[in-house]
Amino acid sequence: ANSADNARSMNQTGPHVANFRPTVFIVAQAGADRTATDLDGSGSEIVMLDGSASSALGGVASYTWRENGGLIATGPPAMLGFSRGEHLVELSTSDLAGNVDTDAVWVRVVDNQSPVADAGPDRYLSDLDGDGFEAVALDASGSTDPDGQIISYLWQKDGVTVATGALPSSLGLARGQHVFTLVVTDDGNAATGTPPASSTDTVTITISAPMRVPSGYPTIQAAIDAAPIVGAEILVAPGTYTGPGNRNIDFRGKALTLKSEAGPEATILDAQGSAADPARVLLLMNHETPLTVVDGFTIRGGYTSPDKTGGGIICADSSPTIQNNIIMGNHAYMGGGGLSLWGSSAATIRNNVISGNTVRDELSTHGGGGIINIFGATGTITGNTISGNSAAYGGGAMFKSGSASFYTSTFANNTVSGNSSS
């Protein structure tokens with residue numbers, strides 16, 4: 001279009017332009033609600049108000065703090081004494097053009113703040129020795145008191161106290177589900193004569209028999225398919241596992257532990273993949289979390305089709321824990337001969353031997369013979385031995401598709417040697 005066309009176009013939209021009003025950008029942020037304790041019994045306590053998160057186009061010109069309409073302070077931070085009780089404080093901010101925005105924050109001054117009980121996360125454990133019981137350590141160390149200290153920890157089951165202390169001695173629990181209630185009590189406030197306060201939290205601990213392959217389930221996939229969504233432990237006996245059900249093993253998003261009974265040298269998962277019959281060993285592609293654990297296997301024989309990454313293991317948009325394995329003799333065309341972290345994956349890869357894996361395609365343009373980290377994936381890759389892998393680029397490891405994936409990953413304390421690229 002020529003300049004006349006442009007002028008005509010602007011004239012045609014003139015009525016809309018005439019009604020245009022600039023966007024006003026000013027946001028008051030009074031901060032989170034505040035609770036303070038009258039520790040000395042004086043009837044009031046100093047509280048800091050903070051409006052520094054407020055913003056405005058061109059900068060904030062003024063900050064005023066009011067309670068019940070009366071001005072009590074100015075400026076982004078303000079230290080003020082508040083009497084016991086509840087106070088609703090309004091922050092008003094203005095910009096250089098005189099535009100104004102407001103926000104409010106509650107300030108509460110109390111005699112004593114209750115402690116916060118933390119019984120820890122729910123746990124799923126296996127009766128590994130098969131005697132019907134498992135030793136369990138309770139843990140209340142995450143409990144806190146915001147204005148004093150916790151003086152009592154009681155662990156109750158079915159209304160009966162069964163243990164005391166933040167870290168009591170282990171309890172022998174029978175197979176089944178056990179619900180414990182933690183009761184924590186603080187030291188009150190001697191200055192105001194306020195008695196101690198308490199709070200509670202619960203933790204559920206489930207003890208189950210481990211699922212065993214092959215004595216209980218013929219293949220690893222059969223065991224995973226039969227496992228609950230959370231908490232199973234699948235123990236795999238020594239041997240070499242091949243064929244359907246032991247290749248392309250899909251964890252289906254389940255939070256479980258897959259563990260060998262005798263270590264990686266004695267327990268081998270072999271996909272026996274080839275160009276004619278591609279197959280990976282492990283598939284972690286359904287948002288698995290760090291509670292999904294693979295521990296103690298030799299993982300070999302993975303071989304992808306020409307458009308795939310991760311010959312031995314693929315972690316796509318999942319964040320499992322892969323530890324104490326030997327990942328060897330796998331092949332991928334698009335990168336990550338041994339394993340691939342892809343997308344939103346934030347997997348933990350630790351204490352593995354990653355060796356003798358390859359990446360080769362017709363164009364020889366792909367990399368990461370041992371590991372590839374791509375498309376924004378992050379990860380914690382520590383304590384591994386990465387050796388004897390080969391690829392066109394990054395024989396040992398490659399971080400690709402944006403440098404952010406390298407800088408937001410942890411790659412530390414690995415031994416990297418004897419890898420090659422062409």
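A word on conventions before I start: what you see is a predicted model, in which local features need pLDDT of at least 70 and side-chain atom pairs count only at pLDDT 80 or more, while totals for chains, interfaces and linings use all residues. Residues are numbered from 1 along each chain as its sequence is written, and side-chain values use heavy atoms, with hydrogens and water left out.

Let me begin with strand S35, residues 378-382; helices (H or I, at least four residues) and strands (E, at least two) are DSSP runs, numbered from the N terminus. In a regular strand the side chains alternate between the two faces of the sheet.

Which strands pair with S35? Two strands pair if DSSP finds at least two bridges between them. Strand S31, residues 346-350, runs parallel to S35 and is joined to it by five bridges, with Ile-349 having Ile-381 as its bridge partner in S35. Strand S39, residues 410-412, also pairs with S35 in the parallel sense, over three bridges, and there Thr-410 is the bridge partner of Thr-380.

Now to the charged side chains. A salt bridge is a side-chain nitrogen of Lys or Arg within 4 Å of a carboxyl oxygen of Asp or Glu, and by this rule the count comes to 10. One of them joins Arg-84 to Asp-111, with the closest N and O atoms 3.2 Å apart. This pair links distant parts of the chain, 27 residues apart, since Arg-84 sits in the loop between strands S7 and S8 and Asp-111 in the loop between strands S9 and S10. Arg-84 is partly exposed at 38% relative accessibility, and Asp-111 is partly exposed at 26%.

Another salt bridge is formed by Asp-225 and Arg-252, whose closest N and O atoms are 2.6 Å apart. Asp-225 lies in helix H3 and Arg-252 in the loop between strands S20 and S21, so the pair ties together parts that are 27 residues apart in sequence. Returning to Arg-84 and Asp-111, salt bridges that share partners join these two residues and Asp-38 into one network.

Conventions:
Buried means under 20% relative accessible area, exposed over 50%, partly exposed in between (1.4 Å probe, protein chains only).
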